[in-house]
Amino acid sequence: MQAGEEDFELKQMRDMAAAKKRWDAMIREGKVKMLTPREAGYAIQLSNKPLLDVRPSSEREKAWVKGSTWVPIFEVDNKFDVGTLSRKATNFVMGGWWSGVPTLSYDSQFLSKVEEKFPKDAELIVTCQKGLRSLAACELLCNAGYKNLFWVQGGLEAAEEEDLAREGTQPLRFAGIGGLSEFLGWTDQQRAQAAREGWGYRLLYSIRLVGVFVVADALFIGAQQVGRYLQDIRSH
């Protein structure tokens, strides 16, 4: 089992390294132009360029750019077959419990869905949360004949509040966080927010951390008590 997981991780690392080389070449050769989040905001406001949001629903539902078009390249996998459940378990053990990142599956209809909404000559800005999935989307679109593509460097996570017109309940840069790390305020985004807002913001997450320790301690003591009770039953 462990050897299989190591082989899977190694394959993922190799695939990502190969993809990164292709994406770097795509940017270097000018097939896809690079924009900062602020430049993307200017392009949307001044030139009315469309923004294609390729994030999964778990991120999109928290915050999105006003007027953007949503076509996820990877979507949350809600199936419950044996293969999916195995992937969900692996994702959870490999850090999903901490980061809150769900199990995602590639949408094989992504390209056809984009083609239904945008012609091949459209000046299309493509973004995701961190900038990687949008590069994968740009590669697919470029190979399909889209020639006027713009990629948002760093994704929406790199956006300041004033860069893009936002809708939703959270700042754009917070849309990709989750899990226990978000609950405790230990993500990079929350630390940066705490540095700006001061002790009031930090106090909230300090209280949560204390609460986690109290609950963990209570569960440990409870488990000990149950163990002693069961031992007494066996001894009698």
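How far is the sulfur of Cys-138 from the closest cysteine sulfur? The distance is 8.3 Å, to Cys-142, which is too far for a bond. The structure is a predicted model, in which local features need pLDDT of at least 70, side-chain atom pairs count only at pLDDT 80 or more, and totals for chains, interfaces and linings use all residues. Residues are numbered from 1 along each chain as its sequence is written, and side-chain values use heavy atoms, with hydrogens and water left out.

A disulfide is defined as a pair of cysteine sulfur atoms within 2.5 Å. The structure holds 0 disulfides. Cys-128 is in no disulfide, and the nearest cysteine sulfur, in Cys-138, lies 9.0 Å away. Burial was assigned from relative accessible area (buried under 20%, exposed over 50%, partly exposed in between; 1.4 Å probe, protein chains only). Cys-128 has 0% relative accessibility and therefore counts as buried. Cys-138 also counts as buried, at 0%.

Cys-138 is among the buried residues of helix α6. Helices (H or I, at least four residues) and strands (E, at least two) are DSSP runs, numbered from the N terminus. In α6 (residues 133-143), 9 of the 11 residues are buried, so the helix is largely enclosed by the rest of the structure. The buried set includes Arg-133, Glu-139 and Cys-142. Just after α6, Gly-145 takes a positive phi of about 110°.

The loop between α6 and β8 (149-152) contains Asn-148. Asn-148 counts as partly exposed, because its relative accessibility is 25%. Contacts (heavy atoms within 4.5 Å) link Asn-148 to Asp-121, Ala-122, Glu-123 and Leu-124, not counting residues up to four places away in sequence. The side chain of Asn-148 reaches the backbone oxygen of Asp-121 at 3.2 Å. Such a polar contact is a pair of N or O atoms within 3.5 Å; within protein, one must be able to donate a hydrogen and the other to accept it, and residues adjacent in sequence count only if both atoms are side-chain atoms.

Strand β8 belongs to an open sheet of 5 strands, ordered β1-β8-β7-β2-β4 with parallel pairing. β1 (32-35) and β4 (69-70) stand at the edges with a single partner strand each, so one side of each lacks a neighbour in the sheet. Two strands pair if DSSP finds at least two bridges between them. β2 (residues 51-53) and β4 pair in the parallel sense over 2 bridges. Leu-52 has Thr-69, in β4, as its bridge partner.
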